[in-house]
Amino acid sequence: MELEEHYTNRSGWLRAAVLGANDGILSTTSLAIGIAAASTTREPIVLAALAGLVAGALSMAAGEYVSVSSQADIESADLKREKNELDTMPEVELKELAKLYVKRGLDEDLALQVATQLSAHDALGAHAKDELGINEITQAKPMQAALASAASFVTGGMLPMLVSIFAPLNLMVVYQYSLSIVFLAMSALIAAKAGGSSKSKAVIRICFWGTAAMVMTAFVGYLFGQ
């Protein structure tokens, strides 16, 4: 029998990668569109796109690292507290674990047997997973999230950067918007396939909000370019 394929184990790096790629495309394109709407030369557009690409990648990496590190610190503190409770009052913790299994549908006797056997094998692991919701799949990994976010931001941001260099100046806004929607849709499709989620919903969502962001940026550019 063929085993089912699950995607939860990808959630940590996939979230950071999708966020980085979409933000790289959208923020770099929005910057280019805003400057293009207010400029009559190519140099400011390319410079804005390049600055946005570099600053955005570093910002995304730093933000992800700090954010996920905070989550990791909380998990570490919870595990330390749980280990201390297991050392000082194991019987209370055993009953607490059994109650969790009762809430999930087991009768009290079976719940206590399950809790006893799991505790004998790995008490901290059982409490971490079933009481705290911490496991190897979802556990915070700061460096992995930071690298995935920065790399995907650069990958996404390079696309509008190339458009700002090669697209006709008089049609820069049109090219940036049109191609960025294609890039965002492709990013959404890849993310949906990797995560096993709805492709149409992912594409509609990113294209709608991407359009809204770029329209607002273009409006600001035209406003200050008058």
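The structure is a predicted model, in which local features need pLDDT of at least 70, side-chain atom pairs count only at pLDDT 80 or more, and totals for chains, interfaces and linings use all residues. Residues are numbered from 1 along each chain as its sequence is written, and side-chain values use heavy atoms, with hydrogens and water left out.

Helices are DSSP runs of H or I with at least four residues, numbered from the N terminus. Asn22 is found in helix H1, and apart from its neighbours within four places in sequence, Asn22 is in contact (heavy atoms within 4.5 Å) with Leu184, Ser187 and Ile206. Ser39 has its place in the loop between helix H1 (11-38) and helix H2 (43-88). Although Ser39 and Gly221 are 182 residues apart along the chain, their C-alpha atoms are separated by 8.5 Å.

| Residue | Relative accessibility | Class |
|---|---|---|
| Asn22 | 14% | buried |
| Ser39 | 18% | buried |
| Phe208 | 53% | exposed |
| Trp209 | 56% | exposed |

Helix H3 (residues 90-103) has 14 residues and reaches 20 Å from its first C-alpha to its last, which is close to the 20 Å expected at 1.5 Å a residue; the expected span is 1.5 Å times one less than the number of residues. In H3, the residues Glu93, Leu94, Leu97, Ala98 and Tyr101 are buried. Seen down the axis of H3, these buried residues fall within an arc of 140°, so they line one face of the helix; the arc is that of the directions from the helix axis to the C-beta atoms. The buried residues of H3 pack against H2 and helix H4 (108-130), whereas the face turned away from the buried side carries the exposed residues Lys95, Lys99 and Lys103. Just after H3, Gly105 takes a positive phi of about 120°.

A search of the whole structure finds one aromatic pair. Phe208 and Trp209 form this pair, which is edge-to-face, with 5.0 Å centre to centre and 85° between the planes. Rings of Phe, Tyr and Trp (its six-membered ring) pair if their centres lie within 6.5 Å, and planes under 30 degrees apart count as stacked, over 60 as edge-to-face and the rest as tilted.

How values were computed. Helices (H or I, at least four residues) and strands (E, at least two) are DSSP runs, numbered from the N terminus. Buried means under 20% relative accessible area, exposed over 50%, partly exposed in between (1.4 Å probe, protein chains only).
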